[in-house]
Amino acid sequence: MSNQSDQEAWVQSQVPPSRSDVLHACDVMEDVAIAYGFNNIAKRIPPTVTQGRELPLNQLSDLLRVEVATAGGL
């Protein structure tokens, strides 16, 4: 691990082929959180305020996916 600054650290890891459930960086972080213990992670309020909602492009993709599926996948 090499520190880039006081608040930022980088870790490089390799996933063995036997771990087909690890697809993204968030999957690795989930495994780390499980190993460390979710209750040991300090709770804090995020520094930004956001609204949890789908992006318009994702909404359109979902609608198109349903239409194509019901049309028989032409």
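The legends below describe close-up views of a predicted model.

Local features need pLDDT of at least 70 and side-chain atom pairs count only at pLDDT 80 or more, while totals for chains, interfaces and linings use all residues. Residues are numbered from 1 along each chain as its sequence is written, and side-chain values use heavy atoms, with hydrogens and water left out.

**View 1. Order of the elements along the chain.** The chain holds two helices and two strands. From the N terminus on, these run β-β-α-α. Helices (H or I, at least four residues) and strands (E, at least two) are DSSP runs, numbered from the N terminus. Of the 74 residues of the chain, 5% count as buried; buried means under 20% relative accessible area, exposed over 50%, and partly exposed in between (1.4 Å probe, protein chains only).

**View 2. The largest pocket and its lining.** The volume of the largest pocket is about 310 Å³. Its lining consists of A9, W10, V11, S13, A25, V28, M29 and V32. The elements that give two or more residues to this lining are strand 2 (9-10) and helix 1 (25-36). Helix 1 supplies the largest share, four residues. By class, seven lining residues are nonpolar, one is polar and none is charged. Ala, Val, Leu, Ile, Met, Phe, Trp, Tyr, Cys and Pro count as nonpolar, Asp, Glu, Lys and Arg as charged, and the others, Gly among them, as polar. A pocket is an open set of points on a 1 Å grid over the protein atoms alone, where a 1.4 Å probe fits, with protein on both sides within 12 Å along at least five of seven lines; lining residues have an atom within 4 Å of a point. Grid points are joined across faces, edges and corners, and the volume is the space filled by probe spheres set on the points.

View 3. D27 lies in helix 1. D27 is buried but has no salt bridge, a term for a side-chain nitrogen of Lys or Arg within 4 Å of a carboxyl oxygen of Asp or Glu. The nearest side chain of opposite charge is that of R19, 7.9 Å away; Lys and Arg count as positive and Asp and Glu as negative, with His and the chain ends not counted. The D27 side chain reaches the backbone nitrogen of L23 at 2.7 Å.

**View 4. The salt-bridge network around R19.** Salt bridges link R19, D21 and D31 in a network. Between R19 and D21, the closest N and O atoms are 2.9 Å apart. R19 is partly exposed at 32% relative accessibility, and D21 is partly exposed at 47%. R19 also meets D31 in a salt bridge, at 2.7 Å from N to O. This second pair links distant parts of the chain, with R19 in the loop between strand 2 and helix 1, and D31 in helix 1, twelve residues apart. D31 has a relative accessible area of 28% and is partly exposed.

**View 5. The salt bridge between R65 and D62.** A search of the whole structure finds three salt bridges, and one of them joins the side chains of R65 and D62 at 2.7 Å, N to O. The two residues are three apart in helix 2 (residues 56-70), so about one helical turn separates them. R65 counts as exposed at 53% relative accessibility, whereas D62 is partly exposed at 32%.

Note on methods. A polar contact is a pair of N or O atoms within 3.5 Å; within protein, one must be able to donate a hydrogen and the other to accept it, and residues adjacent in sequence count only if both atoms are side-chain atoms.
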